[in-house]
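My notes follow in the order I made them.

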Amino acid sequence: MTYNFYAKRDTYEEDHYAFRDMVRAYLDRHVVDNITKWESDNDIPRDAIHAAGEQGLMSVSVDEAYGGAGIDDYRFRQIAIEEFARVGATSLASALGTHTDIVVPYFEHLGTDEQKQRWLPKLASGEWLAAIAMTEPGAGSDLRGIRTTAVRDGDDWVINGSKTFITNGMHAHLIVVAARTPDDAHPKGGGYTLFVVEDDREGCSRGRRLEKVGMHAQDTAELAFENVRIPDENRLSEVHTGLHELMSHLPLERLSIAVTAAAGARAALNWTVDYINERRAFGQAIADFQNTQFQIADMVTRLEVTQSYVDDCVAKHNRGELTPVDAAKAKWWATETHKDIVDRCLQLFGGYGYMLEYPIARAFCDTRVTTIYGGTTEIMKMLIARDVLGTK
């Protein structure tokens with residue numbers, strides 16, 4: 001009996017599996033046959049994203065009043081992530097994950113009712129795509145290094161600065177921008193504040209579409225803000241509280257990456273087990289070699305142990321108990337495990353594993369960034385060590 005990597009798990013209920021069927025139907029209809037073309041074209045058509053919104057894949061947690069399902073259960077997102085990984089739709093999963101898991105929660109948690117009415121329905125429907133602009137050329141994981149400024153001018157704010165590595169940067173309609181807000185009366189001379197900038201604001205421009213090692217269809221861009229004037233109604237956080245809001249939302253971002261990593265490792269192993277059972281060498285199936293069996297046993301065990309911790313973190317998140325340290329542990333361990341498993345699976349494919357027509361080869365390229373974005377493995381370890389040791 002072949003191991004079933006997508007057998008029912010105790011962490012899911014029947015509603016989740018019904019949702020899985022809906023996700024599979026969307027993928028079969030709009031995605032599976034187009035992945036190679038999108039990767040070659042370095043682009044995902046807007047209609048594919050809009051279709052995801054129409055299918056309800058971008059609005060599970062959004063309140064019903066704003067066009068969503070109003071379901072506060074991250075397991076539905078976990079199911080979707082696993083299905084996207086299963087078919088190798090990494091670029092699309094990244095675009096939708098950034099929108100759904102990272103950006104939309106800022107609107108949900110910080111927006112006024114007027115802001116939610118103005119923005120959330122189009123974000124939930126997939127008509128609009130969102131991005132968040134934190135990272136700058138001189139400030140990677142260190143959010144305190146942000147140099148983009150927003151200066152009050154009457155009833156408006158004027159934003160100046162540049163951002164880089166912005167997922168969905170080329171196609172986003174709304175951009176949540178983290179900026180310094182100088183204030184001589186503030187004890188530290190000011191703080192950080194979050195603003196929403198529409199992509200058609202004068203002075204808001206897109207720079208290069210960045211060439212990446214992997215996820216070629218998913219756009220990553222540079223953004224520039226030159227005297228971009230926005231009304232105070234576009235301010236998303238209280239003045240000077242932006243850094244706190246960014247930090248408080250990072251656990252969900254890191255949980256999303258950990259869930260994606262576990263799903264990616266599961267998909268890689270699924271493809272590999274199918275391949276080694278069919279491929280023959282020296283008169284026998286590759287699966288019959290002892291080294292292959294030891295490799296698979298090791299990787300499956302690592303996946304299941306990792307999955308248990310990730311599932312526990314999802315449960316904690318649903319209960320409102322996920323701490324930044326919990327999320328840091330899940331993020332670094334799951335992504336490093338994912339990277340290791342994909343590398344070893346590619347080896348079992350032999351020369352074919354190096355061919356981009358095989359999903360394992362694309363996964364090898366796509367996986368490398370996961371130990372970097374959302375906070376590097378080294379940063380995650382520092383956060384954990386500080387919690388344990390009580391150091392600064």
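**Lys339 and Glu336.** I started with two residues of helix H9, Lys339 and Glu336, which are 3 residues apart and therefore separated by about one helical turn. This is a predicted model, and I read the entries below with that in mind. The side chains of Lys339 and Glu336 form a salt bridge, with 3.4 Å from N to O. Lys339 has 26% relative accessibility and counts as partly exposed. Glu336, at 23%, is also partly exposed, because the buried class ends under 20%.

I counted salt bridges by the same rule and the total is 28.

**Arg20 and Glu82.** Arg20 and Glu82 form a salt bridge whose closest N and O atoms are 3.1 Å apart. The pair links distant parts of the chain, since Arg20 is in helix H1 (residues 14–30) and Glu82 is in helix H4 (residues 75–86), 62 residues apart. Are these two buried or exposed? I find both Arg20 and Glu82 buried.

**Arg77 and Asp101.** I looked up another salt bridge, between Arg77 and Asp101, with the closest N and O atoms 2.8 Å apart. Arg77 lies in helix H4 and Asp101 in helix H5 (residues 90–110), so this pair ties together parts that are 24 residues apart in sequence. Arg77 has 11% relative accessibility and counts as buried. Asp101 is buried as well, with a relative accessible area of 3%.

**Helix H6.** I turned to helix H6, which runs over residues 113–125 and has 13 residues. From first C-alpha to last it reaches 18 Å, close to the 18 Å expected at 1.5 Å a residue. Where does H6 bend? I find a bend of about 40 degrees at Trp119, with a proline, Pro121, following within four residues. Trp119 is also one of the buried residues of H6, the others being Gln115, Lys116, Leu120, Leu123 and Ala124. I checked what covers them: the list includes helix H3 (46–54), H5, strand S1 (130–133), strand S4 (174–182) and strand S5 (190–198). Just after H6, Gly126 takes a positive phi of about 85 degrees.

**Ala267.** I looked up Ala267, which lies in helix H7 (residues 242–278). With 1% relative accessibility, Ala267 counts as buried. Which residues is Ala267 in contact with, leaving aside its neighbours within four places in sequence? I find Tyr6, Ala85 and Arg86. I noted one more pairing: the C-alpha atoms of Ala267 and Ala363 are separated by 9.4 Å, while the two residues are 96 apart along the chain.

**Tyr352 and its patch.** Tyr352, Tyr354 and Met355 make a nonpolar surface patch of about 350 Å². Tyr352 is found in the loop between helix H9 (324–349) and helix H10 (359–367). At 36% relative accessibility, Tyr352 counts as partly exposed.

Note on methods: Residues numbered from 1 in each chain as written. Predicted model: local features only at pLDDT ≥ 70, side-chain atom pairs only at ≥ 80, totals over all residues. Heavy atoms only, no water. Patch = residues over 30% accessible without salt bridge, like charges linked within 9 Å, V, L, I, M, F, W, Y side chains within 5 Å. Areas by Shrake-Rupley, 256 points an atom, 1.4 Å probe, with all protein chains shown as cover. Salt bridge = Lys/Arg side-chain N within 4 Å of Asp/Glu carboxyl O. Buried < 20%, exposed > 50% of the residue type's maximum accessible area, 1.4 Å probe, protein only. Expected span 1.5 Å × (residues − 1). Bend = angle between axes of the 7 residues up to and from the residue. Contact = heavy atoms within 4.5 Å.
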